[in-house]
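Hi,

Here is the structure I promised to pass on. Have a look at it first, and then read my notes below.

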Protein chains: 2
Amino acid sequence: MLPQWTIEKKRDGAALAPEEIREFIAGFTTGAIPDYQMAALAMAIFFRGMTPVETAALTEAMMYSGDVLDTSVLTAPKIDKHSTGGIGDKVSLVLAPLVACCGVAVPMISGRGLGITGGTLDKLEAIPGYRTNLTTREFLDVVARCGCSIIGQTDRLAPADKKLYALRDVTGTVPSIPLITASIMSKKLAAGLDGLVLDVKCGRGAFMKERAAAAELAHSMVRVGRAMNKKMCAVLTAMDQPLGRTAGNALEIVETCEALQGRGPADLMEVTLVLGAKMLQLAGLANSCDTAQALLAEKLKSGEAWRKWLEMVQLHGGDVAALEDTARLSRAKFIEPLPAQQSGFVVQADAELIGKACLVLGAGRTKTTDAVDHAVGVSALLKIGERVERSQPLATLHANDAARLAEARSLMQSAFQISAQSVSEPPLLLEEITS
Amino acid sequence: MLPQWTIEKKRDGAALAPEEIREFIAGFTTGAIPDYQMAALAMAIFFRGMTPVETAALTEAMMYSGDVLDTSVLTAPKIDKHSTGGIGDKVSLVLAPLVACCGVAVPMISGRGLGITGGTLDKLEAIPGYRTNLTTREFLDVVARCGCSIIGQTDRLAPADKKLYALRDVTGTVPSIPLITASIMSKKLAAGLDGLVLDVKCGRGAFMKERAAAAELAHSMVRVGRAMNKKMCAVLTAMDQPLGRTAGNALEIVETCEALQGRGPADLMEVTLVLGAKMLQLAGLANSCDTAQALLAEKLKSGEAWRKWLEMVQLHGGDVAALEDTARLSRAKFIEPLPAQQSGFVVQADAELIGKACLVLGAGRTKTTDAVDHAVGVSALLKIGERVERSQPLATLHANDAARLAEARSLMQSAFQISAQSVSEPPLLLEEITS
């Protein structure tokens, strides 16, 4: 089978056989099939889509393009969570130690941020000494010892995805449900999981702006995971305003510490508990959502979750003292309030604009090679529905550069809308996707 | 403008600005824009199409990617003919000297065959000594001296097309009307023409099997040529059976010589005279089709066309003696008749299968690097509507290899269908496209 025959078949709307997909991805991984043929196929997939069987075959081909972790040494059920990404989303950091306390093993392989605020790894690296690049052996060892570990993707994990992702970025083939599905699922399942809970974000600050598209992606990922015999469920959550009251790497570590000590903001805790309950249920450790949530609440209250977090950080070489006294984390040069222009109720706190402000401040990256500034970002964000008085703060800005601060200030002002009329708090959990 | 923005714009169905197209093609030509981005754009164009304005901009960008001949030294109107290719199509060889006799300048840049029988250049190279690789100066000199010259594409002519054509071939992006239009027109118009007559083939032995697609391509090319201020017209002609009674390089040279001496087969002469009349009309050398055809018939009858052919071949270094005595052209080792299995009327002489038989014999190439065998092919082909008696020949096969002959014989048998019921000769001219 010549590669162009596979391209032509997809172009003309036929479903590819799993074997054809495997052969194409294998050739692309070794370089036998050049980038231009992969780019043409990706564009044909953008237009023609893929059936669930094709998407599963693509996911599997990409997953087996590299190492798949042998997690059989771990006796506990291995369940992970994946979020499609949003502003202020530090759920993974709270969730991993929290569910690990309940007997779930969480071998979490995370990404860095691109385009908006930093990713989970960037946040962890705001903790002095935290190593995100453990070897596979060290990673499994940490999970075995404390129940959870969060590291970065290695070169040997789903290399086909790494290559394809870079190619899609420059060939206009990013927004394709089957390609997104295979990219996420191949990486996640290469960690040797039993099950996966998906948090698909939807709204202004999310990759998926439309609810229908977010639901389609969630269904696609759940179907592919099931086809690969994994326990799966997905939740659609709103991402019109940031999650929690902080965005920025060290600032989010502070908020994570507060959350794990039982003092987290309501929206962050709501999402964390819903996703945590799903993880316990997939692990077979709770029969109902209520039981699961009660168990999780207990672990927060007792301080177990907090101690698990410290343990995990320590096993990664992180400075636990900086978590116990967060004033020791890196701190920005300029810290100033963003005053409200009028009194009233917050009716909009645009996650996309707040994300852009953080990017301008240096909390995220526009190119993969950019360095992030851990200290900068925003904190004390007011939430939609909250009241503010004129000249009182809507948020606090943290900057290391005066010019960047000025630009971020203006973006932040346009992100907030204040109205005399109160609005109710918007729903956070939009939909559960079980099939 | 990043290249991926252009790709995304086309992917999402918007029309690209001429400047965006120029920039993309210029980048692709120098290599600044890599093949994978061009492949993704080509696939997006396959799905989204292009407006006439975009197609003209693409054609112009590809044409100006290399040299455009300065034909201002030629005082006669410069008119060429292009055919989309078919089995036994030797019209260019008859037409160029014929219309040159009437005062048209024909600077014809032709291609080699790929996939079926040889192209015009391969046929010319069956004449010992004929040089298809004249320099630009020699080429214009031959046209100035005898009114016509047929050579091959140089590296400096539309290099963007050369690169894109090779890429399309392996990325499933060949069958796209705007891409085909730009490929043909950029090369043809780079020869510095005033006008162009298009012969768009349609049927079993043509690239365009469907009449609607052939008409669409013809319209697209006529529109683009007009947008570039060229005199244009197109004719759709049938390609269900071969044109003339021969297919194969030296065999077609023999038939060309017969045609130029007034002894050509009816179908070949019909197409030649129609296209020739169009050329004279575009050149402003005849007011009506009848006047033009009468003039052309006179040039055949008087022997002028034949002498012009000999003159052109001689100016290219070709052996004129081999045209005056075609027994001197290369001759196959095995020459055998293909007997009819039953008596009756020929109702099918499948051009595609006859083309495949010629390919098997070695008259064409499957890869651009293959060498062609000038001697092999088929001659004395019976035409649809003609009567044959059992065991009498349907055609004569010319082969240099016994195994290939056996395979070709079987393909030829399946190409012909004989019926007791007579059928009328199918129409050859399907449609004239003037806009």
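Let me start with the charges: between chain B and chain A the count of salt bridges is 0, a salt bridge being a side-chain nitrogen of Lys or Arg within 4 Å of a carboxyl oxygen of Asp or Glu. Before the rest, some housekeeping. This is a predicted model, where local features need pLDDT of at least 70 and side-chain atom pairs count only at pLDDT 80 or more, while totals for chains, interfaces and linings use all residues. Residues are numbered from 1 along each chain as its sequence is written, chains are lettered from A and ligands numbered from 1 in the order in which they are written, and side-chain values use heavy atoms, with hydrogens and water left out.

Back to the interface. There are 4 residue pairs in polar contact across it, both residues at pLDDT 80 or more (N or O atoms within 3.5 Å; within protein, one must be able to donate a hydrogen and the other to accept it, and residues adjacent in sequence count only if both atoms are side-chain atoms). On the chain B side, helices H1 (3-11), H3 (35-48) and H8 (159-169) each supply at least two residues that touch chain A; helices are DSSP runs of H or I, at least four residues, numbered from the N terminus. H3(B) gives the largest share, 10 residues.

As for area, the two chains bury about 1700 Å² between them, 73% of it on carbon and sulfur atoms. Buried area here is the accessible area (1.4 Å probe) that two parts lose on being put together, summed over both. B:Arg11, B:Tyr36 and B:Phe47 lose the most in chain B, together 36% of what that side buries. The contact (heavy atoms within 4.5 Å) takes 22 residues from each of chain B and chain A.

How do the copies relate? A rotation of 180° with 0.1 Å of shift along its axis puts chain B on chain A, RMSD 0.0 Å, by least squares on the C-alpha atoms of residues with pLDDT of at least 70 in both. That is the relation of a two-fold axis. The same surface serves both copies, as 100% of the contact residues of chain B recur in chain A. B:Tyr36 comes closest to the axis of all residues in chain B, with its C-alpha at 1.8 Å.

Leaving out residues up to four places away in sequence, A:Glu255 touches several others, among them A:Lys90 and A:Arg245.

Cheers
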